[in-house]
Amino acid sequence: MTKLPSLFLVLTLVSVFVCGFGKRIPILSFDEGYSQLFGDDNLVLHRDGKAVHLSLNERTGSGFVSQDLYLHGYFSASIKLPADYTAGVVVAFYMSNGDMFEKNHDEIDFEFLGNIRGKDWRIQTNIYGNGSTSVGREERYNLWFDPADDFHQYTILWTDSQIIFYIDNVPIKEFKRTAAMGGDFPSKPMSLYATIWDGSDWATNGGKYRVNYKYAPYVAEFSDLILHGCAVDPIEFSSKKCDTTSQSLELSATITPSQRSKMDSFRRKHMTYSYCYDQTRYKVPPVECVINPREAERLKRFDPVTFGGRRHHGKRHHRSRASRSEADTI
């Protein structure tokens, strides 16, 4: 196995091969890389700490956070979501520094939005930089599998120049930094979080369907936890040791023609919302948006009011309690 620089948490012999890196990246046990964030006994460790169960009940949700701050990296987990009636339930796997930068925080989100029985989970991505919460960068997708049936890998790759979201090593969203964005691109060290909580006010059909605790506890299972990045000093935010890491990440962030084909196919078949095409929110797309005519036409057919510029009647936007912008449920 390739020897990694000392700044990495090489703390276990268990590892996985990550597409794009050409080497094995270590999987951490919970105690080696994470701490409980909230939830008391609603967080339970399994398999000698190699798996974590987060549960939501009437009393509380639960969550965990990385022990270190990271400036760029590859962050991944295999996740199995709760089954059956999950309306109002939100499971999040994300990076943030909101605890340190309350008014100008950065954030990179995977959010899983529950649904009523017989309807599928939906997945949402979002990005904030320098507190730019007024510019929601949400995209929402259906999945080609049932995420409650088995584990699937969800990954955030964050470099100085771009952010890529992956599902099972298939890129689903590429977000490139542009000069015009200024500070809107996440650029400050962040921690990695995983949480489950009650988002009844907005998560399912804009709050129409709420969490029903008759079906509790809702349990989200996490395993194959990966923190592969540059850990920085929480006081000085020193990044001098990150040069080698950053170069490696930039190389791995190159999407191959095969991956791009899979990404285009995924977005064509499964994307149900993108802020870049939302004409009710943005008369002119945000500066980082690259308009794909095929995506634009498909979304326009899917929802001609939101994406076609037709007159808008009464739709409102909702924001979660974690300051994430939320467009109306598609």
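**Close-up views of the predicted chain**

View 1. Residues are numbered from 1 along each chain as its sequence is written, and side-chain values rest on heavy atoms, with hydrogens and water left out.

**View 2. Helix α4 and its surroundings.** Helix α4 spans residues 293-302, and E295, R298 and L299 are its buried residues. Seen down the helix axis, these buried residues of α4 fall within an arc of 95°, so they line one face of the helix, the arc being that of the directions from the axis to the C-beta atoms. On the other side of α4, P293 and R301 are exposed. The cover over the buried residues of α4 includes α3 (257-270), β17 (271-274) and α5 (304-308). At the N-terminal end, α4 is capped by N292, which places a side-chain oxygen 2.9 Å from the backbone nitrogen of R294.

View 3. A nonpolar core is a set of buried Ala, Val, Leu, Ile, Met, Phe, Trp, Tyr and Cys residues joined through side-chain atoms within 4.5 Å. The largest one holds 62 residues, and F64, F112 and F222 touch the most other members. Strand β16 (residues 218-232) gives this core its largest share, seven residues. Beyond residues up to four places away in sequence, F222 touches a set of residues that includes F64, V91, F93 and F151, a contact meaning heavy atoms within 4.5 Å. Apart from this core lies another, of ten residues, among them I25, Y74, L157 and I255.

**View 4. The side chains of E138 and R281.** The place of E138 is in the loop between β10 (122-128) and β11 (139-141), and its relative accessible area of 0% makes it buried. Its side chain makes a polar contact of 2.9 Å with the side chain of R281. Such a contact is a pair of N or O atoms within 3.5 Å; within protein, one atom must be able to donate a hydrogen and the other to accept it, and residues adjacent in sequence count only if both atoms are side-chain atoms.

View 5. The peptide bond from A216 to P217 is cis, with omega near 5°, and P217 sits in the loop between β15 (191-198) and β16. D48, a residue other than glycine, has a positive phi near 55°; it is found in the loop between β4 and β5 (51-56) and is exposed, at a relative accessible area of 78%. D224, also not a glycine, has a positive phi of about 50°, but this residue belongs to strand β16 and is partly exposed, at 28%.

**View 6. Confidence along the chain.** The chain averages a pLDDT of 85, and 82% of its residues score at least 70, on the predictor's scale of confidence in each residue from 0 to 100. Over residues 1-17 the pLDDT stays under 50, and the model has 44 contacts for them beyond four places in sequence. Residues 312-330 also have a pLDDT below 50, with 65 contacts in the model beyond near neighbours in sequence. Where pLDDT is low, the predicted coordinates should not be read in detail.

Conventions
This is a predicted model: local features need pLDDT of at least 70, side-chain atom pairs count only at pLDDT 80 or more; totals for chains, interfaces and linings use all residues. Buried means under 20% relative accessible area, exposed over 50%, partly exposed in between (1.4 Å probe, protein chains only). Helices (H or I, at least four residues) and strands (E, at least two) are DSSP runs, numbered from the N terminus.
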